Amino acid sequence: MRIVRSYQLCSPNEYNCTVIIGNFDAVHKGHQHIISEAKAIAKLHNNCKLAILTFEPHPAVVVK
């Protein structure tokens with residue numbers, strides 16, 4: 001696992017990936033299912049990498 005704080009820190013060979021976006025505050029069964037589905041989609045697309053985009057701080061903190 002690699003944490004990237006800005007897309008500008010990615011090399012061009014990392015651009016071709018499957019991305020899921022969500023609030024992954026814990027990896028419960030629902031998140032596990034979403035990640036599993038995304039892995040299957042990534043595999044269908046020439047076995048590209050899977051990226052997970054989440055938010056920090058949690059959006060609920062920002063909207064309060």
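Predicted model: local features only at pLDDT ≥ 70, side-chain atom pairs only at ≥ 80, totals over all residues.
Colleague: Why is Asn46 called exposed?

Modeller: The relative accessible area of Asn46 is 75%, and the label exposed is given over 50%, buried under 20% and partly exposed in between, using a 1.4 Å probe and protein chains only. The value for Asn46 lies over the cut-off, so Asn46 is exposed. Asn47 sits in the loop between helix 1 and strand 2 as well, and Asn47 is called exposed because its relative accessible area is 59%.

Colleague: What makes the phi angles of Asn46 and Asn47 worth a note?

Modeller: Phi of Asn46 is near 55 degrees, a positive value in a residue other than glycine, while Asn47 has a positive phi of about 55 degrees and is not a glycine either.

Colleague: Why is Thr18 called buried?

Modeller: Thr18, placed in strand 1 (residues 17-21), has a relative accessible area of 13%, which is under 20%, and therefore it counts as buried. A contact here means heavy atoms within 4.5 Å, and, not counting residues up to four places away in sequence, Thr18 touches Ala38, Ile41, Ala42, Cys48, Lys49, Leu50 and Ala51.

Colleague: How do you know whether His31 and Gly22 are buried or exposed?

Modeller: His31, in helix 1, has a relative accessible area of 9% and is therefore buried. Outside four places in sequence, His31 touches Asn23, Phe24, Asp25 and Ala26. Gly22 lies in the loop between strand 1 and helix 1, and because its relative accessible area is 15%, Gly22 is buried too. Leaving aside neighbours within four places in sequence, Gly22 is in contact with Leu53, Thr54 and Phe55. Gly22 and Val62, by comparison, are 40 residues apart in sequence and 15 Å apart in space, C-alpha to C-alpha.

Colleague: What makes the peptide bond between Glu56 and Pro57 cis?

Modeller: The bond joining Glu56 and Pro57 has omega of about 0 degrees, and it is listed as cis. Pro57 has its place in the loop between strand 2 and helix 2, the latter spanning 59-63.

Colleague: What makes a space a pocket rather than a cavity, and how much space lies in the largest pocket?

Modeller: On a 1 Å grid over the protein atoms alone, a cavity is a set of points where a 1.4 Å probe fits but cannot get out, whereas a pocket is an open set with protein on both sides within 12 Å along at least five of seven lines, and lining residues have an atom within 4 Å of a point. Grid points are joined across faces, edges and corners, and a volume is the space filled by probe spheres set on the points. About 1,000 Å³ of space lies in the largest pocket. Its lining holds 21 residues, of which Arg2, Ile3, Val4, Ile52 and Leu53 are the closest to its centre. Strand 1 and strand 2 are the elements that give two or more residues to this lining, and strand 2 gives the largest share, five residues.

Colleague: How many helices and strands does the whole chain have, and in which order do they run?

Modeller: The protein chain has two helices and two strands, running β-α-β-α from the N terminus on. Of its 64 residues, 16% count as buried. Among contacts between residues at least 6 apart in sequence, 59% join residues at least 24 apart.

How values were computed
Residues numbered from 1 in each chain as written. Heavy atoms only, no water. Helix = DSSP H or I, 4+ residues; strand = E, 2+ residues; numbered from the N terminus.
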